[in-house]
Amino acid sequence: MTMTEQQPGPETGEKPCPSCVTGEAGPEAERPETARERVNRRWNEILQETRVAQTGVQILFGFLLSVAFTPLFQDLGTFERAVYITTVVLGAMATASLIAPVSIHRFLSGQRMKDEVVEAASRLMICGMVLLALTIGCTLLLILHVVVPGPLAIILVGSVMLWFCLCWYVLPLGLRRRATMRPRRRATKE
């Protein structure tokens, strides 16, 4: 038996994942996943997600920084300037949160702390996504308040932010809740 075929157990020192123990692995699972394989998979997933989010936030942040150097920026009123400053600060915070997993990994590489790194990176990604949504909302408010004066801008931004909440938070949390309910349903059917 090769190292990749070796089953987790007391002799390997690795614990199998909970679904491997209960035999309730998803349809895509071909063999049990060890704790080490799971943390490596989660880290790779976070890296892919970070790449997507970083690109978006960096483009948006770059755009925001350039606005202050345009001739029309001088014509902005107090409200628009306050929204702009808030937006730039939120964008900077989102950038920091979404790039932080890379820094954490670099500082803790080789310290045998991958579980902690993955957990911290996951929390930072969630925080970064909240800050990114707020940055996008404030950017929309800034643009729409200039283009469509009056309460229509706020209604449009509120609608877009509601859509963000539904897509980015309500849907995933609903899916998570449904997934956690599945084992209970199976247990009650048996």
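1. A quick term before we start: the bend at a residue is the angle between axes fitted to the seven residues ending there and the seven starting there. In helix 3, such a kink, of about 40°, sits at Ile-99, shortly before the proline Pro-101. Helices here are DSSP runs of H or I with at least four residues, numbered from the N terminus.

2. Please keep in mind that this model is predicted, with local features needing pLDDT of at least 70 and side-chain atom pairs counting only at pLDDT 80 or more, while totals for chains, interfaces and linings use all residues. Residues are numbered from 1 along each chain as its sequence is written, and side-chain values use heavy atoms, leaving out hydrogens and water.

3. Helix 3 counts 31 residues and spans 44 Å from its first C-alpha to its last, close to the expected 45 Å (1.5 Å times one less than its number of residues). Just after helix 3, Gly-110 has a positive phi of about 85°.

4. The largest nonpolar core holds 32 residues, and Trp-43, Ile-46 and Tyr-84 have the most contacts inside it. Helix 2, helix 3, helix 4 and helix 5 (151–189) each give two or more residues to this core, with helix 4 giving the most, eleven. Such a core is a set of buried Ala, Val, Leu, Ile, Met, Phe, Trp, Tyr and Cys residues joined through side-chain atoms within 4.5 Å; buried means under 20% relative accessible area with a 1.4 Å probe, protein chains only.

Methods:
Buried means under 20% relative accessible area, exposed over 50%, partly exposed in between (1.4 Å probe, protein chains only).
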